[in-house]
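User: I'm new to this one and would like to go through it with you. Can we start with a pair of helices and then look at the cavities?

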Amino acid sequence: MSRINKQQRTFLEEKFGNRVNFRKMERKLYGHDIAAMPGLIKPIIGSTVPEAIVQPGSEEELVELVRWASRNNIPLTPRGKASSGYGGVLPVKKGVVVDFYRMKKIINVDSGSLTAAVQAGVVWERLDKELMKKGLTLRLYPSSYPAATVGGWLAQGGAGIGSYESGWFKDNVVSVRVVLPDGEVKEFSGDELELVADAEGITGLISEVTFRIQPNEDMDIIAVGCPDVDDLQKMVQSIIDKNLPIWSIVFINPRMAELKNKAPLLEHFEHPVEERVLLPASYIMTLAYRRKDHKEVREGLEEVMKPCQAEILSDRIAEHEWRNRFKIMIVKRLGPSLVPAEVVIPLENLGKVMAEIESKVDQPVVKEGVIIRESKNGRPEVVILGFIPSDQRKFNYNFVFGLSLTIMKIAEKYGGRAYSTGLYFTKMADRVLGKDRVARLKAFKRKIDPGSLLNPGKVLDGSLTGIFMSLARFFEPLIRPFGNRVMTHLGERPDSPVRDIPADVAWYAYGCSQCGYCIDECDQFYGRGWESQSPRGKWYWLREYMEGREEWDQFMVDTILVCTTCELCNLRCSASLPIEPSWMKLRGQLIDEEKKMTFPPFEMMAASLSKEGDIWAAYRENRSDWFPKEFWDKHGPSHKAKIAYFAGCTASHVETDIPIAAVRLLDAAGVDFTYAGQKENCCGTPMLVAGRWDVFIETMKKNIAAIKEVGADTVVTSCPACDMMWRQYYPRWAEKLGIEYGITGKHYSEVITDQIKAGKFKFPDTGQKRKVTLHDSCHIGRVSNVYDAPREFIKAIPGVELVEMEHNREWAHCCGSVLTLIKEPDVAADIGKGRMDEAIATGAEKILALCPCCQFQFRVTAEKKGLDIETIDMARFGAETMGFTLPDPNPEVQKQWAVFEAMIALMTPEGFAELMGTMWPELIDAMPFRMGPMMRFMGKIPGALNLMKPLFPVLFPRLLPMMMPKVMPVMLERVAERIPMPDYMLKQMPELMPKVMDNLMPHMIGDVVPLVTRPMIDYLQKGK
């Protein structure tokens, strides 16, 4: 197999642009799957780091990629979401990983024939949501429904929820379009599907799948407890014999129930936010059936339960198990690793298999089972998804892993088989797939792919890995005692930091199941599309770092920082990990403690905040200019009140209609409040998320003092970030620092709706009919759980119809603002467009937002993307209903954004290099020790400066601090030429810019030097 050379790399770059990736760390993230590979196996497999990752967007691109690979003898390894652990997505021959992330279109849904045609990369959950809009749904889906792809499940082979009625997924497939190794596109159907299903891409890359679906009908759920596995087996067989109209049957064993009871609950700010539902120590079956069949099912169950000593469990347990049916990996929190052991067995031998596993395996084995009423041979089967808790960081993990072979041999003894072949069980293909089918696959593979370029080493390949696993099976009786002797301690044990990673974060990194549930809903990921930007990618990188195989670089520091803190990942996580709080801890570790570089614009904000109390480089003396003059005596700083209104930076200096509207509403509603005026500072959110905790703490202390000075014990805000600080972060940081707090945070919508409910305020009826939608800002929604008050506010306005976006309340998507906006404005606009497209789809005339930053983002996005929908603040909307006239914020938003965007571009290595390129005469003259004349002289000697090039990375970091004070005046002139700053900002630059440069240059100089070396040499050689 050839390595990718420069010419081949150029082809991929020109063809796929930003959809090809060669970065080493990124490639590593695409070289593993959900399983933690034992250390003894890794040397057998060798490196699985591909040479490139490519993300085709269409079948046509897939064809072109396959033809290129065939011409150049480059292996291709297809990858869906890597939500399996059989090694099927591991690029054992390196080459190119084909990531199907961008092939996720729903091509056609036919309600008449009840079929759906989709691209291979469609995730089951997303597809199901689209089907439900048409009154349809899936016939079956995998237990990894929130992450797994349609093509991946077909290639892997699978059964899941709904398989009791519908069997294996391949049995529900009508046809498949496949790109063969020569680039031909062939459609497989009927018996030919056996050449594609379960073949893991060795016979072709699946581009499109057409399969059967069903009408969406209301379902009922029942949970049944059985005292032992024999009774479970007997009861399931009786259900089959009576032909009860059940759609899905899954079950867990008592050990799984026990560990679920011990697993941590989902937390928010270290407090549980879900109830603990204790499960009985029994085999718990969860049955789903159509509501129309309720009577028949209940009567039938009562009859079959009697001989089995089973009982119907509470609705609470049934609802809990169904709601958490995708979260079987929650037990990984206790490991923090799991050894997988997945087998398929005949139902008639379920009791024998489970009993023998209990007798031969001393480790705790947690199991989930899926019942298939009728398999291909006409008999019922059970898919057992087994896991053994362990710790991959320890050598004894290898021995525990060997117990999976014990379970597999037991299954085979009773007519069972491995769930899949993948990389590890190629020598068992005859048993897994059937001899006739294997022979057919081999013949087809030899014909179409004699060079084995498509997913080499899988399914049929007699690789060294397959041989090793066969030997391990032979020696299984000798390995088993070692695995059984390992002491397994269940429960979280974050003992101490690992390579500066906080102890709990280190545990969570291994507790991450790598399931991928977080990926598609993470705006950091879907704004960019690469694994490194996903929560699971970051957890995996942290493992590599803690094991000494990776080191922090600015890319990974930025990757931690650029998370928008939307917290949606916390809700998605199958292990209920506190993901966003972990990134927050790492921000402090990296920036505050280790003094790594935060985003450069944050340094400008920090300098402005320390000087003037805001992040916009506006003067403190102008902070309260927005405040209505007629309110000064009634609600101004001299008025003492228990409630203080806190405007925040962006509302005070950019979107001034927001605070004006908020205070007018509070006043109209009869609320007695005060305002701290010029003593108010930025809430500190930007500094907290930037890792500049020193500035955050200083700011927080000033704000607490200012509120106490006006006599308030409640702070009312109109900005979710400000609300988050006063409601959530200030009290916790105050306690940590020993500061007396005693302040409650509220959003103005809560205060106004309280007044409405009390009959003290109502909106006038203007006679207008308006349709609006509400954007749930992350920091007031998922962070503070304020969802009802804004909706009650809107609904209280006569003539207003509120229509909800598809993603709303706790599932609302982020606007993409702040951190992404500061780092990558174009990405922020893409994320914002996704949210605004949702709003447009509702048919609303306006987007009502609660957050100045969300509005800022939406307005900038609308300008960039040409979207015709207005975004306005909810308080403004309410105030205008009451007849108040408010200033238009858009001109100021666009003006400030022009400054911001230009500043972001400047504060990059490329931006600084370009700036320095306009200052060579001044920079050379500013060199200390009379080096300037020497450099000019060297420029006249041919080749002399080129010989000096290796010294520049050493010299520049030492010289630049001495040069900066001398060149600062001209630098400020050049900056002013490039950035359309307002006068107040321009006047402050001589004081702010030196501080910014002092903080940035030590970090950035290494990236700047290579960019300026050649231009400086050219300048010196030309002498001008």
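User: How are helix 40 and helix 43 oriented to each other?
Analyst: This is a predicted model. In it, the axes of helix 40 (residues 931–939) and helix 43 (residues 983–1022) cross at roughly 75°. Angles from 65 to 115 degrees count as roughly perpendicular, so helix 40 and helix 43 are roughly perpendicular to each other.

User: And within what distance do the axes come?
Analyst: The two axes come within 7 Å.

User: Which residues meet there?
Analyst: From helix 40, M935, R936 and G939. They meet M1016, Y1019, L1020 and Q1021 of helix 43. By class, this contact has 4 nonpolar, 2 polar and 1 charged residues.

User: Now the cavities. How many are there of 30 Å³ or more?
Analyst: The count is 10.

User: What classes of residue line the largest cavity?
Analyst: The lining has 28 nonpolar and 9 polar residues, and no charged ones.

User: What about the second largest cavity, what is its volume?
Analyst: About 210 Å³. Its lining has 15 residues, with K260, L265, H320, N324 and I330 nearest the centre. That lining divides into 6 nonpolar, 4 polar and 5 charged residues.

Methods
Residues are numbered from 1 along each chain as its sequence is written. This is a predicted model: local features need pLDDT of at least 70, side-chain atom pairs count only at pLDDT 80 or more; totals for chains, interfaces and linings use all residues. Side-chain values use heavy atoms; hydrogens and water are left out. On a 1 Å grid over the protein atoms alone, a cavity is a set of points where a 1.4 Å probe fits but cannot get out, and a pocket is an open set with protein on both sides within 12 Å along at least five of seven lines; lining residues have an atom within 4 Å of a point. Grid points are joined across faces, edges and corners, and a volume is the space filled by probe spheres set on the points. Ala, Val, Leu, Ile, Met, Phe, Trp, Tyr, Cys and Pro count as nonpolar, Asp, Glu, Lys and Arg as charged, and the others, Gly among them, as polar. Axes are lines fitted to C-alpha atoms, for helices over the stretch in contact, and angles run from 0 to 180 degrees between N-to-C directions. Helices (H or I, at least four residues) and strands (E, at least two) are DSSP runs, numbered from the N terminus. Angles under 35 degrees count as roughly parallel, over 145 as roughly antiparallel, 65 to 115 as roughly perpendicular and the rest as oblique. Contact means heavy atoms within 4.5 Å.
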